Structures are given as structure tokens and as C-alpha cells.
Amino acid sequence: MARNPKHDVLFEPIQIGPKTMKNRFYQIPHCNGFGSERPLSQAYFRAMKAEGGYAACCTEYCSISPESDDTHRVSARIWDDGDIRNLSIMCAMLHEHGALAACELWYGGPHAPCMESRCVPRGPTQIPSDFEYLTYAKEMDKDDIHEVQQLYVDAAKRAREAGFDIVYVYGSHSYLPQQFLTPYYNHRTDEYGGSLENRARFWRETIEQVKNAVGSDCAIAVRISTDMFMGEAGTQLERDALPFVELVDDLVDVWDVNVSGISEWGEDATPSRFYAQGRQLPWQAAVKSVSKKPVLGVGRWTNPDAMVDAINSGQLDIIATCRPSISDPFLPQKIDEGRLDDIRECIGCNICISRWEIGGPPLICTQNATAGEEYRRGWHPERFERAANADNDVLVVGAGPAGMECAMILGKRGMRRVHLVEAQDDMGGIMRWIPQLPGLGEWARVVNYRKIQIDKLKNVEFIPDTTLDAQGVKDYGAEIVIVATGGYWATDGLNGATHDTIPGADASLAHILTPEQIMVEGKAVPGERVVIVDNDGYFMGVSLAEKLALEGKQVTMLTPMGHIAPYMHFTLEAPNMHRKLHKLGVEIVTYHMPTKIEAGGVTAAHVYDGDGHERTWEADATVLVTQRRSSEALFRELKDVDGRDALAAEGVAALYRIGDCEAPRLTADAIFSGHRLAREIDSPNPAVPLPYKRERRVPDSDALEDDLRELRVRREREAVPV
Amino acid sequence: MVVTVGDPEAEAALRRCLAMGADRAIRIDAAPLDPISTARALSDVVREEEPDLVLTGVQSADSVQGSTGVALAELLGLPRVAVVKQLDWSGGTTATVHRELEGGLVDVVEVDTPAVLTIQTGINAPRYANLRAIKQAEQLEIAVVPAEPGEASYRVRRMFAPPRGAGAEMLDGGAASVAGRIVEIVRERLG
């Protein structure tokens, strides 16, 4: 297929300083958990996007000095020759694909806890971080200012040596240059504080010095938050950002424009729960209106028509994507080829970001199971090898996220026939009803993408309205059987806090309900007062609280944890979720675990001081969001009752299970599980994942011998005669 | 039993029917020119098989003529009911048939059998064919019957995209102004 001519503007080259981007697709700096210390994972991850058509890809934030060490989180680092060498692999691979490489030079100031380097970060004013506990900076004097500016210059030279084409002086997300610009961080009274000209001085001088050092070889990018939404204290568009842009526009080759500070950066990396595509356009357009330079910006762009509008209406020059490029590294190529229904659209769940916020693990993606697996598992999101056992027929029981993914990938791997059999009348499993929770509509993209792909695969057939029992499975005629029957919310209050049920919890009673009963079965929530017991800690409890409060109920959320929905801090949904629940009058009770549930209310005790501190919350209905269990009856019967020999007698050579049926986890994990099994369906033991390549240092045996010899000599020398 | 007219590619559909429970399948090896010649090719086989009931589709997905079934009935001299959405028949000499009309109307008729019924999509949820049945169907023989193409009943002179008509008025602007203009147009036309 060919590109729709109305999308042509997205494929026009654009000049940024001394470099040319071949089209308008840019992968914005974003974390992946690889940094400079997993260089191959890093390089393969970024290169996949270049292969998919991106004209330029950036590192994540890249520390310029051990003074700016974000450990426990993983940043890139360009501190020394080793980092140059490691990051040069990424640059070389991007260049192979005709893409530019960008490096986001970063100095965190008081936000950098320096837990590995044990250095002291420097900042404009000594106020602890609003993002990180117990983290202080040393207040910078003039020498410090010149030294830190030199750190930027030295790092920029190293970036150039590594092969980067674009070098950032990064301020957004409340990092050092923008701290100087912002009264919230900058209380100085010298020529680096006070007036806009003074607050802009550090950033202006730094850009100038970096430009002088590398500007003839590298494009200079500046990433600025144009509004921190913090009133007078924060950066403001008219007062600070636009005058700053005008002040330094001549020094800058490309503007990277967003909003927010770091402590609520979900205003920038917006969850779909709260914001739609293109939400930052008004700020990006404002910068474009005062700048002579190209402007790029994110907006969770997945729709090419919206991208074209953003460019043609003069609001942006370059379409920058973070999450949509994780969800589909081939977004540009698919638009170029007119294959719009093959785009795996980001759902805006922010599970990718959650991994950075947790601090360390590689990123994951709900939509794209191959994200982060490019190097270590060798997975390509668009290429599939024909399975060695492709002459087999496969039965997948259950068309939820895991079953759909598994059937789709098995289809792409050329299995002779794949039957995806579902008890309900359509595909989707839990993702048919979860998107009906308030704000989660875009999560339905999980189902839509897979449905379209499965429909295109001639060897995959979807069979709805069909419940298979063990006999039905054995009679089915498949050589490979994969059970993907999902999971369910506990009906008896079983939970991870007490590892027991809750006395009185029984969802067969009218006043006790589970999420499925409310969302799928339509069970009425009696009365006005509802207590939601949340031991889950993610979106289900709060989503039901919002839904029921919107329906006019008086809702209390009760959790043994210290926060409601603590995982939503990692997905950046927490601030707005709290705002919403607070406005809706939802009462939040933390550190309390129910001891009994009765028709009139829920009695709970403080988790650390239960004795004599029980309290009862009156309630007409109690919703149990305590834990999920696998729906594994079919799998157990096939494995335990029938057993391998009985199955073999019916021609079933292999039996596996995937997704929530194995263990109820994140949807991203369920999809990964289905994908993983399909990728490895022809491995020696598909039930067990193949080992992945680990990027770690393994000392060679000579080095080990040397260390041991040295130890022996020292022990002998220091030995005390008996 | 199931019958179709076409080249060997058409056997995939017959095998699917066999997997879903048909006992036998016949492919009439011909490249029909139009619905009438398709019906002619079918009529010899149907006559020979002497079925109690003949079911066809309402229309093909490509040329959407909607004529093969009724033409077949005419050639066989059998009663026919078109666009059937419900069938009650216990194998006796009459069947009660619900015929779909425009505007949601349903015509309930009794028809003597043998008869030809053209069946509307969605009349039943077909049973699925499991993999075992599909594999068994692969082993079954499909009888191939030759047929003469015969005379075409009409010839296609020309195919063309209809010319763009004049007189369409595109309404621009916001929802309120578009709605306002529509009200004006409706008032003008109603006089």
C-alpha cells in the first residue's frame, strides 16, 4: 500500500542547525532502564525505532557528571571514555538506519540523590528536592556555576565524540537550568536570581558555551517546560518561558517544548485517563509563535491526521513521540506505507513510565511485548520466524489479552491452524469491561489492534460463544493446547495482607460485590454508602470509587496500605486521581484492614496498632478489591485428571497456560506471557522461558586468578604465627 | 449435501461445509458467466440428487445479483421463497418460512416442498468446525462434475464510476452554523 498524500508533510526533511532530519518523526528522550551500562540493550532498543522510520532518536536523560547521579533510577551517563564507547554503539546503529542520534545532557541539581556516586549535587538554592526524599544540593557560588557549566561543555564534547548529532541543554522536568529560571527553586539575590534576565543567565550562558564548543558539528536542542502549573513560584508561559525563548533563540537549533515540573510530570507524560492526544499544543504553538527555529513536542501522537494538523496549523514542526514509539517503533513506516490499521497505538497507561519511577527495571509496554526485548531476547516487533513445528494445529482457549496475543503471534509464525475459542460473544476478556471504567476508554486499543490483526491472519480463526470443557478440548483435534482462561476477583476477601479471607465477606450476598459483578454482571450496588476494600493497590479500586461516586454514592476507600492505589504514583496517575476522588468527596482510610463485614458496615483495625483500635464504617454495600485468582479449572482438569498420557492418546502433544490463568498480573505481563510462549513455541521446553542475554560484567578467569593470588599473598604476609 | 460451481479454489468453502457437518460435497467444474448460467449448471445436479429442500444464499458477495437461487427454482419448476430469515420444517410436505421485506416487515408463508429457499445472512449461528472435523474433512473426496458454460444471458457493455453530480452544497463552520443552515434549507425545500 502507498502513503496517503495527505500525510506527505510528515515525510518532508527538515534542517536543524548543521543537521538534517529525513522526516518529521522524532523519538523524544525517554528512559528505558538501560542507560550507558547496558549498551547493547540501549542500542538495539533505539535502533528499532530508526528501523521503523524515525528520523532521529534520543537517549534518555544523560548525566554529565557523577554529581548528577539519579540512582536508584537509571539514567544514561556520559562521564568518561567508557560511556563514550558504550553510547557510540547506539549512535552507530542509528546512523546505519539513516537516523540522527541525540543526547539529552542532564544535571539534576537537588533532584539527584547520588546514591551510587555519593557525590553532592549543586543547585541554585539549598532547598531539598520536591521529588526525592532527603536530597539536598550544595548552594552554588560563582566558582560552582563556572565549574558546572564546564561539566556541560566537557560532556557535550564527549557526546560529539560518541557520534551524537544533536546535543541538549535540558531544563524541563525541573532540572538544573530550569531550576535557575524558576523562582520555586531559585531564591538567589545575585546576578543569577531575581529578574528574568538574571534567572535566565545560567541557562543562557550554558547554551552559549555548549554551542561554542560543539555547535558547528552538532545541533543544539533545548528542552523547556513552558508552564509548571505552580502559580507565581513555577515557570510561567508569558512571564518566563516565552521571553526566555526570545532571549536565546539565536543560540538554539531546535526547541523541545513541554509543560510541568518533575513532581507532577504526569501533566507532561499524560495518562490517557486524564488527557487526550495533542494536549500540549497550546504551549508548543506559543513557543512556535515567538521562535524562528523548528519546534518539536510530544502529545502521545498516534493519529497521522492529528500530526498533519499540528504541522499544517503552524503549531509544531516535528512530531515527537515517546510512548507511541515504544508501543509501535514502526509508527512512521506504517504511516508511510498507508498501513494505518497495523499501528499498535499507545493506550496511555504509563506502565512503561512506572518502571523508571520504580527505579531500575527495564521498561515494559502493555501493547508491545517486544519493547525492551530487542537485544536480550532478539525479538523484532514486526518480524516473525516460521516456527519449526509450524505443521501443528493449535487451540487457544480464551480470547483475553494473553490468548489474543498468543494466537496472533502463532499466526504470524505460520502455524498451520490456530483456533482461538472464546466463551463470550467477542474477543477481549477483561479488556472488554476495564475500558468501561471512567477514563479508560483508550485501553480498548489492546483489543482493537489484536482483533484487526487476527482478522487478517488466514491461519487464525476466532470462534466465539463456545465454552470448552476438558472433553471438548480433547475432542478438538489440536496438537498444541494453550489455556488462557484468565482470572477473577476473590469473592471471599482473600487478600495479600492477612493471607486469609475476611469474616463475613461473601459476594453471593446482595450487599457484597466484586468488580466483575458490578461491571459485567450488572449486580446492583445497594443503598447510598459504599465501602471499597482495596488490597490491590492499582487502578481497580479507585476506578470503581470514581464510578460509584459519579453515580451518587457516598464512597469510602479502605486500604491496609499507606496510600490508595500506590502503583499509580509510578504511572503518574496518582495526583489527578487524588484530586478527582477528593472533589467527589470520597473518604480515604489508609493503614486499615477489615476484620469483619456485615450487612450494615465494615469493621477495620489499624494495621500496626489493631488492639482496641477497631472502628466501624457504616455501609450499605461493600466492594471487594482484595486479590485476583487464576481461573484454572480447565487447565487443572486437563493436567491433573487427564494427564499427559490421556491427552497424548487424543493427539494433544503439548499443554500450556498463559496470562492470568497462570498468575493474575498486569495486562502487560499477561500479553507478554502469551507473546513469549508463541515466540518460543518451538523451543525444547516452551513452558519455561529461554534464558535471555544479560548485560553484566563477568570477570575473565585470569583476573579472578590474579585477585585470588593477591589475596593469598596478603594473607600469608599478615598471618600471625601460632 | 453441498454443491458449488467454480474452479478448484472453490473447494475450500466446500471443505468448510464438510467440516461443519455436511455428508457430501460436489463441485461443478465451470466458470459461470452470470446467475442464469450458474443456475443452469446447478440444475442438472440438483435434479439428479432429488433433494427435499434446496437452500441457496440470497446473493453473492461480488456481483450482488441476487438471482441464482430464484433462477434455479424456475429451471427446476419448484416453488421458491427469497430472503428467508426463519425456517420451520420438520421434513414434511410443507415448510413455514419467514421472508424478510423492506422496512423490517416479515412475510410468513407456507411453501410446499421440495422448494428452493434463498437464505439471508444471520438466520442461524452456524456450528463451528473444530480442528478434528477440519482434518477429517480434508480426507473426504469432493465429487467433481463437469458442466458446459452455456450461453450468457446478457453481456456487460461497460463498467464505470458514476459521474459526480452537481448541486451538492458543502456546509462549513461550527456545529451551530451548520445546523442553522440545514434548518434554512429544510424550510426552503418544504416551501
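**Entry 1: a loop in chain B**

I began with Pro114(B), and I found this residue in the loop between strand E6 (106-112) and strand E7 (116-119) of chain B. I note here that the model is predicted.

**Entry 2: backbone of chain A**

I looked for a cis peptide bond in chain A as well. One joins Thr71(A) and His72(A), and its omega is about 25°. I placed His72(A) in the loop between strand E4 (56-63) and strand E5 (76-77) of chain A.

I also looked up Leu134(A). Its phi is near 55°, which is a positive value in a residue other than glycine. Leu134(A) sits in the loop between strand E7 (122-123) and strand E8 (138-139) of chain A.

**Entry 3: domains of chain A**

I wrote down the division of chain A: domain 1 covers 5-353, domain 2 covers 393-486 + 632-679, and domain 3 covers 489-629. I then turned to domain 1 and domain 3 of chain A, whose C-alpha centres are 40 Å apart.

How many residues of domain 1 of chain A are in contact with domain 3 of chain A? I found 13 residues of domain 1 in contact with 15 residues of domain 3. The area buried between these two domains of chain A is about 1,100 Å², and carbon and sulfur atoms give 51% of this area.

I counted two salt bridges between domain 1 and domain 3 of chain A. I looked up the one between Glu264(A) and Arg579(A), where the closest N and O atoms are 2.7 Å apart. Five residue pairs are in polar contact between these domains of chain A. The side of domain 1 of chain A that touches domain 3 has eight nonpolar, two polar and three charged residues.

**Entry 4: chain A against chain B**

Next I looked up the contact of the two chains. Here 17 residues of chain A are in contact with nine residues of chain B. The two chains bury about 1,000 Å² between them, with 48% of it on carbon and sulfur atoms.

I counted five salt bridges between chain A and chain B. Arg417(A) forms a salt bridge with Glu138(B), and the closest N and O atoms of this pair are 2.3 Å apart. I found 10 residue pairs in polar contact across the interface of chain A and chain B.

I then listed the elements that give two or more residues to the side of chain A that touches chain B: strand E14 (393-397), strand E15 (417-421), strand E16 (460-463) and helix H14 (470-475) of chain A. E14(A) gives the most, with three residues. By class, this side of chain A has six nonpolar, three polar and eight charged residues.

**Entry 5: aromatic pairs**

I looked up the pair of Trp265(A) and Trp356(A). Why is this pair edge-to-face? The ring planes of Trp265(A) and Trp356(A) are at 90° and the ring centres are 5.6 Å apart, so the pair is edge-to-face.

The pair links distant parts of the chain, as its two residues are 91 residues apart. I placed Trp265(A) in the loop between strand E11 (254-258) and helix H7 (281-290) of chain A, and Trp356(A) in helix H11 (residues 351-358) of chain A.

Technical notes:
Residues numbered from 1 in each chain as written. Chains lettered and ligands numbered in written order. Predicted model: local features only at pLDDT ≥ 70, side-chain atom pairs only at ≥ 80, totals over all residues. Heavy atoms only, no water. Domains from an automatic or database assignment. Contact = heavy atoms within 4.5 Å. Buried area = accessible area lost by both parts, 1.4 Å probe. Salt bridge = Lys/Arg side-chain N within 4 Å of Asp/Glu carboxyl O. Polar contact = N/O pair within 3.5 Å; in protein donor to acceptor, adjacent residues only side chain to side chain. Nonpolar A, V, L, I, M, F, W, Y, C, P; charged D, E, K, R; others polar. Helix = DSSP H or I, 4+ residues; strand = E, 2+ residues; numbered from the N terminus. Phe/Tyr/Trp six-rings, centres within 6.5 Å; stacked < 30°, edge-to-face > 60°.
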